[in-house]
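This report goes through one structure, topic by topic. The sequence and model come first.

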Amino acid sequence: MAMARVTGDALTLCSVCNRRHTNLTRLLGASAPDDWLAVSNGERLEAELTPDVCILPDSGLIRHFIRGHLQLAVDDMELSPFVWSIWVEVSEDSMRVIAQHWSDPNRAATRPLEGVLANELPYSEPTKGLPVEVHTRDMGQAPLIMLSRGSTHGLAIEQRDGITVHRVAELGELLQR
Ligand SMILES: [Zn+2]
C-alpha cells in the first residue's frame, strides 16, 4: 500500500535496545482500501476516491469506505500517538449518516458507526475484516477508529495497552522493506 509519512525523534534512550531512535514514523497510511486494486479497470472508472471517502463498484454492488485514524498510545509523550491512517468499509446507511453530518459543526456528536477494516497491516493475524467502531470528530479531523477492547488481536491489544518507542521504530522498518 502507498504510504504517507510523518516523522519525529525520540528524546531519550530506548528502554528496549538502549539506542536513541530518530526519524521515527509517527503516521503511516494507505491511500486507498486494499480492494481498490482488486476491482477491474472498468469498475474503477466509475469509482470515486478522495483522501477521505471511497465509493467502489464491485461485482454489481456499490461498496462504501471512509478513511480514519487508528491511534496507538506511545510511551514517549513527544511521539504519542502513533497513527495508522487506514480505511474502514461501512454500510450504505452509515455512509449516508456520515455525508449528512460532514459539514455539521456539531458532527462529533454523531453516534459511533460500525464497520470493518479494509487494509491489511503488518500483524501476525489478518487485519482486513476486523470489526471496528468509527467515531466522528470535529471538522478537519479524520474519524477515530476503535477496535473492540475485548479483542485478542495484536492490533487491538496495542490500541488498548499502547506501544513502546522501540515498537514505533519496528513498524517503520517493517513498512520500508
Ligand atoms: Zn529500541
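## Burial of the metal ligands

A residue counts as buried when its relative accessible area is under 20%, as exposed when it is over 50%, and as partly exposed in between. Histidine 21 has a relative accessible area of 6%, so it is buried. Cysteine 14, at 6% relative accessibility, is buried as well. Cysteine 17 has a relative accessible area of 28% and is therefore partly exposed. These values are computed from a predicted model.

## Zinc site

The zinc ion is coordinated by Cys14 through SG, Cys17 through SG, His21 through NE2 and His166 through ND1. Angles among the four donor atoms are 102 to 114°, and the site is tetrahedral.

Along the chain, the donors follow the spacing C-x2-C-x3-H-x144-H. The structure holds zero disulfides.

## Nonpolar cores

In soluble globular proteins, nonpolar side chains tend to be buried together. Here, the largest nonpolar core has 33 residues. Those with the most contacts inside this core are Leu70, Leu72, Phe82, Trp84, Val88, Leu117 and Leu155. Strand β6, residues 82-90, gives the most to the core, with five residues.

A second, separate core has ten residues, including Trp36, Cys54, Leu56 and Ala118. Cysteine 54 is at 0% relative accessibility and so counts as buried. What does valine 88 touch, not counting residues up to four places away in sequence? Valine 88 touches His64, Phe65, Ile66, Gly115, Val116, Leu117, Ala118, Val132, Val134 and Ile145.

## Strands β2 and β6

Strand β2 spans residues 24-29, and five of its six residues are buried, so β2 is largely enclosed by the rest of the structure. β2 pairs with β6 in the parallel sense over three bridges. Leucine 27 has valine 83 in β6 as its bridge partner.

## Histidine 69

Histidine 69 lies in strand β5, which covers residues 61-72. Is histidine 69 buried or exposed? With a relative accessible area of 14%, histidine 69 is under the 20% limit and is therefore buried.

Leaving aside neighbours within four places in sequence, histidine 69 is in contact with Leu27, Val83, Trp84, Ser85, Arg137, Ala142, Pro143, Leu144 and Ile145. Histidine 69 and glutamate 92 are 23 residues apart in sequence and 20 Å apart in space, C-alpha to C-alpha.

Note on methods
Residues are numbered from 1 along each chain as its sequence is written. This is a predicted model: local features need pLDDT of at least 70, side-chain atom pairs count only at pLDDT 80 or more; totals for chains, interfaces and linings use all residues. Side-chain values use heavy atoms; hydrogens and water are left out. Donors are N, O and S atoms within 2.8 Å of the metal (3.2 Å for Na, K and Ca); water is not among the atoms, so sites may look incomplete. Four donors count as tetrahedral if all angles lie between 85 and 135 degrees; four count as square planar and six as octahedral if opposite donors are over 155 degrees apart and all others between 65 and 115; anything else is irregular. Buried means under 20% relative accessible area, exposed over 50%, partly exposed in between (1.4 Å probe, protein chains only). A nonpolar core is a set of buried Ala, Val, Leu, Ile, Met, Phe, Trp, Tyr and Cys residues joined through side-chain atoms within 4.5 Å. Helices (H or I, at least four residues) and strands (E, at least two) are DSSP runs, numbered from the N terminus. Contact means heavy atoms within 4.5 Å. Two strands pair if DSSP finds at least two bridges between them. A disulfide is a pair of cysteine sulfur atoms within 2.5 Å.
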